[in-house]
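Subject: Structure for you to look at

Dear colleague,

Please find the structure below, followed by some notes on what was found in it.

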Amino acid sequence: MSNTQASLYERLGGQSGIAAIVEDIWANHTSNPVVKQRYIDSDPENVKRLVREMFCAGTGGPETYTGRDMLSAHRGMNINDQEFNSVIDDVLDAMTKNDAGQQEKDEVLAILYSLKGEIVHV
Ligand code: HEM
């Protein structure tokens, strides 16, 4: 693989492509019976902004993530494996809806899975 390959950020359509994915992630989370209760008190615009920032920064974009680290954000919630897997499915489904490729979904899956220890049962 060449090191001149486009970044994951670029392959997902940059800021606007990722913003569209994040809209669908939020729609999926808030209609997913496994996790929707978790977001009942959340400010949608604020959570979507932070997830957009993190998604962009974490895939090679120039944006700065201004939210908390994953451990601080999820500590004390007692999130379980089923919820974690369900949130990942919501993300991959949102990417499919926005025509992301399998390679890009695999890369995002690897990034999300690497964060598991900072999110589940912390
Ligand atoms: C790899 C998976 C995940 C990522 C990348 C992620 C990312 C984030 C980010 C960026 C925030 C905002 C941080 C901040 O408030 O400063 C957040 C908050 C939150 N996350 Fe996650 N999260 C993940 C998994 C989960 C899971 C499995 C649940 C539970 C079902 C969950 C529930 C929440 C809730 C309830 C908030 C707080 C929202 C609020 O402040 O209103 N997250 N997450």
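By class, how many nonpolar, polar and charged residues are in the lining of the largest pocket? The lining has 24 nonpolar, six polar and four charged residues, where Ala, Val, Leu, Ile, Met, Phe, Trp, Tyr, Cys and Pro count as nonpolar, Asp, Glu, Lys and Arg as charged, and the others, Gly among them, as polar.

Before going on, please note that this is a predicted model, in which local features need pLDDT of at least 70 and side-chain atom pairs count only at pLDDT 80 or more, while totals for chains, interfaces and linings use all residues. Residues are numbered from 1 along each chain as its sequence is written, and side-chain values use heavy atoms, with hydrogens and water left out.

**The largest pocket**

Rolling a probe the size of a water molecule over the atoms shows where empty space is left. A pocket here is an open set of points on a 1 Å grid over the protein atoms alone, where a 1.4 Å probe fits, with protein on both sides within 12 Å along at least five of seven lines, and its lining residues have an atom within 4 Å of a point. The largest pocket has a volume of about 1000 Å³, a volume being the space filled by probe spheres set on the points, which are joined across faces, edges and corners. Of its 34 lining residues, Y39, V51, M54, M70 and H74 are the closest to the centre. Helices (DSSP runs of H or I, at least four residues, numbered from the N terminus) contribute to this lining: α2, α3, α4 (70–74), α5 and α6 each supply at least two residues, and α3 gives the most, with seven.

**How the helices pack**

The axes of α5 (residues 81–97) and α6 (residues 102–114) come within 10 Å and cross at roughly 155°; axes are lines fitted to C-alpha atoms over the stretch in contact, and angles run from 0 to 180 degrees between N-to-C directions. That makes α5 roughly antiparallel to α6, a term for angles over 145 degrees. Their contact (heavy atoms within 4.5 Å) includes F84, I88 and V91 of α5 and V108, L109 and L112 of α6, and by class it has nine nonpolar, one polar and two charged residues.

The axes of α2 (residues 14–29) and α3 (residues 44–58) come within 9 Å and cross at roughly 135°.

Finally, α2 and α5 pack at an angle of about 135°, with their axes 8 Å apart, which makes α2 oblique to α5. The residues of this contact divide into six nonpolar, two polar and four charged.

Best wishes

Technical notes: Parallel < 35°, antiparallel > 145°, perpendicular 65-115°, else oblique.
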